[in-house]
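This briefing gathers what can be read from the coordinates about the overall build, the helix packing, the ligand surroundings and some individual residues. Please keep the structure in view while going through the points below.

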Amino acid sequence: MNKKRSPLLNWVLFFATLIVVFFLGLLASSVTERRAEQQTTWKPEVQIAKFEPRNEVWGKNYPTEYNSYEKMKESNFRSKYNGNAKIDMLEVDPRLVVMWAGYGFSIDYNQGRGHAYAIEDLRNTLRTGGPTGPDDGPMPSTCWTCKGPDVPRIMNEEGVAAYYTGKWARLGAEIVNPIGCADCHNNETMELQISRPALVEAFQRQGKDITTATHQEMRSLVCAQCHVEYYFDKHREGAEGANYLTFPWDNGQSVEAMEAYYDAKEFSDWTHKLSKAPMLKAQHPGYETYLTGVHAQRGVSCADCHMPYMSEGGKKFTDHHIQSPLNNVENSCMVCHKEKTAQLINDVYERQDKIIENRDILEKLCVRLHVEAKMAWDLGATDAQMKAVLMDIRHAQWRWDYAAASHGASFHSPVEISRVIAGGINIAQEGRIKLARLLIELGYKGEVPYPNITTKALAQEYIGLPMEKLIEEKETFKKNLLSQWEKEAEAREASMPVIYNK
Ligand code: HEC
Ligand code: HEC
Ligand code: HEC
Ligand code: HEC
């Protein structure tokens, strides 16, 4: 059994190994050489100026990221509750019309979709009305702030307080590029950077310096420029007459802390048309609610799930197709989780289903509160009799909206959102007990009838919205002012040079 190998075979094996090793080495060196070549020969095609708002100009230097960014125009994915398709939420859930009676959202509200649509959707929504000139229309200029990279450009030209002053229509020909590169990146270094002052100022008021944020924190803070709760401060010192964009974080970011902030200022977004309650509209406290969830607590950033690393031709890059991660579970979740795709999707749906079950209960209670409060007013209730009830309505609906508008929060932070909704249900029931007592005092017996609001049209009719007129004004705006904006913007951008490197 210990027959020796012939010396000749040993030599052959020796030289064969030598040759294989030699060629492997050659291959490896050519690969690294080519990598180095790629790095040294990569030359930016164009010069990107400070405040360059045109995404396609940045795209010339970074085509891989730009191509993935362009996919945000897709409108073909629906998960159980979210996705990038345009969905009329008032049609899906007509109760919303009554919840927001007296406020723009009762007129028109669609599900959020890709960043590429930010400008188009804002122009088209009935909420921005049908302005006929720069000083006309229901919305202030501040409404543009989370829509795109022309905003930092104009803030730089006009000054921040001046930018926040005047009507939305004032900047229609200026703010035309949807959310993009200059919103998150430095033009020279490509480092992540904060372009919106409201976030920096909110940190300052809390005694924090945003420039000391870690790289991993920045991968969430770039999103926190927009995906947060905010309001327009009309009384800001040194900015009189402005609608100054402000985050209500001075007492903290919980639902109670922000409520206490608003209550102390006696701030309200609008007075409810039926109940006359001083209402708060939660915007989209996505960042605040994410912070209370397990992923944030384990250091997972927004970008980890919504902008996962991808690879193309051996090159690793950050996917700029920001979307529902359920459309890309393999890259978004499986870096950390070993479960199957179906299991992970099921985990998300399970949390969403359970939360939405109770959120719907709170929503129905809020509708009842508004309707019953209206009945009390109709029967001659006084301000003093209604005061405590109206605060309950304000606080209950704030909790409902905080849970609903913080898009994704039933997955980002299911435990906290369940707590918020439970608190809302309790406040709503307390309010209804007070109302029941008051209605008896006012001589009303029995149950206040629940309105027939089974469709969007019925609900809008119930709260007395002149929909035909609003739609007509919008169409006139599109034909006249909007096409004028588009022409002006085109001419202005044509005169902005693109400097190619030689
Ligand atoms: C400059 C403001 C701004 C910034 C910065 C921003 N967003 Fe958005 N985001 C928006 C707006 C506005 C929409 C809704 C656009 C629409 O519906 O027209 C949106 C929509 C979304 C959607 C829904 C897209 C879909 O297909 O369903 C997701 C997800 C999202 N953003 C995540 C993020 C993440 C993650 C970050 C940070 C990496 C981020 N956003 C940064 C303003 C912003
Ligand atoms: C909502 C914020 C946001 C926007 C808008 C955005 N980026 Fe990024 N970008 C990021 C994040 C987050 C990273 C990852 C950075 C990191 O971790 O260092 C990144 C990374 C990059 C990188 C580094 C290489 C890589 O792929 O990781 C390039 C280049 C880049 N982005 C180009 C662009 C271009 C071009 C645009 C506009 C078409 C753009 N980005 C728009 C957030 C954004
Ligand atoms: C960068 C890593 C990372 C990524 C990416 C990530 N997770 Fe997690 N996930 C974690 C960690 C860490 C925990 C906490 C587990 C622990 O500490 O025991 C967790 C916990 C969870 C939990 C249980 C927490 C709860 O709410 O009860 C679920 C469900 C979950 N992840 C789903 C997902 C899904 C779905 C995705 C993709 C959209 C995803 N995760 C992406 C790291 C990650
Ligand atoms: C652990 C992974 C994970 C992290 C971290 C995370 N998200 Fe999400 N996000 C999800 C999942 C999963 C959904 C649910 C998608 C669905 O229902 O289709 C979601 C939903 C959303 C939505 C609604 C999407 C839609 O299609 O309308 C927005 C907006 C959003 N997230 C923004 C953020 C922001 C901003 C942050 C950071 C502050 C963040 N997310 C952090 C996984 C994550």
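A crossing of two helices is called left-handed if the near helix is turned anticlockwise from the far one by less than a right angle, and right-handed if it is turned clockwise. With that convention, the crossing of α17 and α18 is left-handed, and the crossing of α18 and α20 is left-handed as well. The model is a predicted one, and the values that follow are computed from it.

**Overall build**

- The protein has 502 residues, of which 37% count as buried, and its secondary structure comes to 22 helices and eight strands.
- Taken along the principal axes, the C-alpha atoms of the protein fill a box of roughly 115 × 70 × 45 Å.
- Among the contacts in the protein with a separation of 6 or more, 72% are accounted for by residues 24 or more positions apart.

- Helix α17, residues 341-378, packs with α18 at an angle of about 155°, and the two axes are 10 Å apart; because angles over 145 degrees count as roughly antiparallel, α17 is roughly antiparallel to α18.
- On the α17 side, the residues that meet α18 are Arg359, Leu362, Glu363, Leu365, Cys366, Leu369, His370, Ala373 and Ala376, while α18 contributes Met386, Val389, Ile393, Ala396, Gln397, Trp400, Ala403 and Ala404.
- Divided by class, this contact of α17 with α18 holds 13 nonpolar, two polar and two charged residues.
- Helix α18, residues 383-405, also packs with helix α20, residues 414-441, at an angle of about 155° and with axes 8 Å apart, and α18 and α20 are therefore roughly antiparallel to each other.
- The α18 residues in the contact with α20 include Gln385, Ala388, Val389, Asp392, Ile393 and Trp400, and those of α20 include Ile417, Val420, Ile421, Gly423, Gly424 and Leu438.
- The residues of the contact of α18 with α20 divide into 14 nonpolar, five polar and four charged.

**Surroundings of ligand 1**

- Ligand 1 is surrounded by 26 residues, and the closest of these are Asn84, Asp121, Cys223, Cys226 and His306.
- Helices α6 (118-124) and α15 (302-306) each supply at least two residues of the shell around ligand 1, with the largest share, three residues, coming from α15.
- By class, the shell around ligand 1 divides into eleven nonpolar, eleven polar and four charged residues.

**Helix α7 and the residue after it**

- In helix α7, residues 150-158, the buried residues are Asp150, Val151, Pro152 and Arg153, and the buried residues of α7 pack against α9 (181-184).
- The residue that follows α7 is Gly159, whose phi is positive and near 95°.

- Most residues other than glycine have a negative phi.
- Met190, which is not a glycine, has a positive phi near 65°; Met190 is placed in the loop between α9 and α10 (197-205), where Met190 is partly exposed, with 15 other C-beta atoms within 10 Å.
- Lys276 likewise has a positive phi, of about 65°, although it is not a glycine; Lys276 lies in the loop between β4 (270-271) and β5 (278-279) and is partly exposed, with 17 other C-beta atoms within 10 Å.

**Arg54, a loop residue**

- Is Arg54, with its C-beta neighbours inside 10 Å, buried or exposed? Arg54 has 20 such neighbours and therefore counts as buried, and its place is in the loop between β1 (46-47) and α2.
- Leaving aside neighbours within four places in sequence, Arg54 is in contact with Asn177 and Glu493.
- The C-alpha atoms of Arg54 and Pro178 are separated by 8.8 Å, with the two residues 124 residues apart along the chain.

Note on methods
Residues numbered from 1 in each chain as written. Chains lettered and ligands numbered in written order. Predicted model: local features only at pLDDT ≥ 70, side-chain atom pairs only at ≥ 80, totals over all residues. Near = placed C-beta within 6 Å. Helix = DSSP H or I, 4+ residues; strand = E, 2+ residues; numbered from the N terminus. Nonpolar A, V, L, I, M, F, W, Y, C, P; charged D, E, K, R; others polar. Buried ≥ 20, exposed ≤ 12 C-beta atoms within 10 Å, placed from the backbone. Contact = placed C-beta atoms within 7 Å. Axes fitted to C-alpha atoms, helices over the stretch in contact; angles between N-to-C directions. Parallel < 35°, antiparallel > 145°, perpendicular 65-115°, else oblique.
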